[in-house]
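Hi,

Here is the structure I promised to pass on. Have a look, and my notes follow below.

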Amino acid sequence: MNNIFAIAGVVIKELYRRKDFYVLFILTALICLVMASVNFFNDDKIVRYLKEICLLCIWICSLVIAITTTARQIPSERENRTLFPLLAKPLTRTQLLLGKFLGCWLACGLALVCFYTFFGALAASREHHWPLLSYLQAGTLHWVMLGVVIAFALLGSLIFSAPSANTTICFVVVAFILLLGRHLNKVALHLPEPRRSVLYGFYYLIPHLELFDVRDLIIHNWPPIAWTVCGVATLYGLAYAAAFLISACLVFRRKAIN
Amino acid sequence: MRSARLPLLILIALLVLCCGLAAWLDLWFQGWQGNRAESADLLNVLMGDSRRMFANHFFVKADAYFHSGFYPTVFDNREAFQTPHMAEDSGTVGGRNRGDETGFLGKPRDWIDAFSRQLFPSRHTHLDEGGASGDLGNSSQVREIMPWLRTSAELNPNDIRTYTVSAYWLRERMGKVAEAEQFLREGLRANPDSYEIMYELGRVYSENKHDETHARNLWQAALREWGKQEAPKADPDKFLFVEIASHLALLETKQGNYRQALAYMERWKARSPSPAAVERYIEEVRRKMSSADQTHTDQSSQNPGKAP
């Protein structure tokens, strides 16, 4: 376990040494502050459009951080020839992968804490109340979703030849699931057999990342989600992350690294 | 020596050609209708006419906000959402909605569908009725639709419903009469022949400013414009005609101009979906008119020296 945490620590240090997070955070803050300065009919209590823009920026930035950070982990170790000395130590390939996953996931968690704190402060400046429970649930579900994406990107980094290809494929897949995942069953019902069964099977197979997107509930001040629902969603996400990680470990064990 | 001079001459010739073309093109460009550089609007410069495509998207987005996020997608049954509810509830447009507005999601199709409904808004609410909180005293929450309506108007200044719908909510639920009037005037500048905006502006004067004379003038102008634009059509906008004529009729009745009121009521009745109800108004006005005439005759007989 110590080995896994040591690797994770290195990944976290890498994130805060790189400029990606700072640039994205400043960009988000700038966009939100500019949008907040717009005057709509002399009403300074209008806030939901601002919450929507801020949350959209947070989601995009978090996905960029998660996918780009994860996609380059194994390939850069191989390119820099640091993979051999790493594996020469008493460290298994599984531990290395788990460490990379944990590091990326925790680093994304830290980034999310900063982003959601900014979001909360921005919303509170107009709404004058802070629904902490709702923000906590939204942040947790968001983080679990990133766990699935990170595990998927880690598996991709072992399958695809270049980090750029992996990054592009991850973005396309994640965007497809987030935008259309919820509606595949409706489309399937209008198709004739056997296409209906194939599409419905695909619908059940994919990780429904859109389940973790509770932005509308936050934007429109809906009451907090039931904790059991939150728990089931978390278990669902962790199960997919575990499945991708196990697949990645199996691929990595058989992969020639030289 | 000669070979060195030739490229130089070609270069000079090309420069002269460039200057000549630039001078000619500049004059042509200044007079060209598609010249975006004349516009001071950044959106217009960046997007050109394509911005109109996005205007409707933002108008629908405002309606999604009106429902606190509970809104059908292109994959859902949209029969009950053909006319945005925020527009229908404002009384500025006629509704074409059918079916159940609360059940467009239908029954859950599978366990993922059932589970996901607990993670997005899945209850029908309106912001003017308290939205997600259900607090009826908090109807000013409808302010949240305003940024999208404003953006929609910026993108397509010729979409008239954006002005009328915004103005209604601004003055009715946000108490911003001056802003509503200013926005409507902005719309009228972009669409000088719009009877819809004239009618809504008349409502601002009648209901909020209690300036009946100004309201009458605006509604009469609206009725004239309606006659010019809609009357020749095979399927005219009856909803707005009924609204304008009925408001004018009631205003004239209130002011005691019964003959004028009756004239408007006859026009109202001719296009009303429920002429029997208008007939009752007509009877009432006739009764008032005859009693007013009777009073007038009595007063004349008591004071025979005065002029009628």
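Contact here means heavy atoms within 4.5 Å. On that basis, residues 24 or more positions apart account for 81% of the contacts in chain A with a separation of 6 or more.

Some housekeeping: this is a predicted model, where local features need pLDDT of at least 70, side-chain atom pairs count only at pLDDT 80 or more, and totals for chains, interfaces and linings use all residues. Residues are numbered from 1 along each chain as its sequence is written, chains are lettered from A and ligands numbered from 1 in the order written, and side-chain values use heavy atoms, leaving out hydrogens and water.

Chain A has twelve helices and zero strands (DSSP runs, H or I of at least four residues for helices, E of at least two for strands, numbered from the N terminus). Its C-alpha atoms fill a box of roughly 65 × 55 × 35 Å along the principal axes. Of its 258 residues, 52% count as buried (under 20% relative accessible area, 1.4 Å probe, protein chains only).

Leaving aside residues up to four places away in sequence, Ile244(B) touches Tyr195(B), Tyr199(B), Trp219(B), Ala222(B) and Leu223(B).

Cheers

Technical notes:
Buried < 20%, exposed > 50% of the residue type's maximum accessible area, 1.4 Å probe, protein only.
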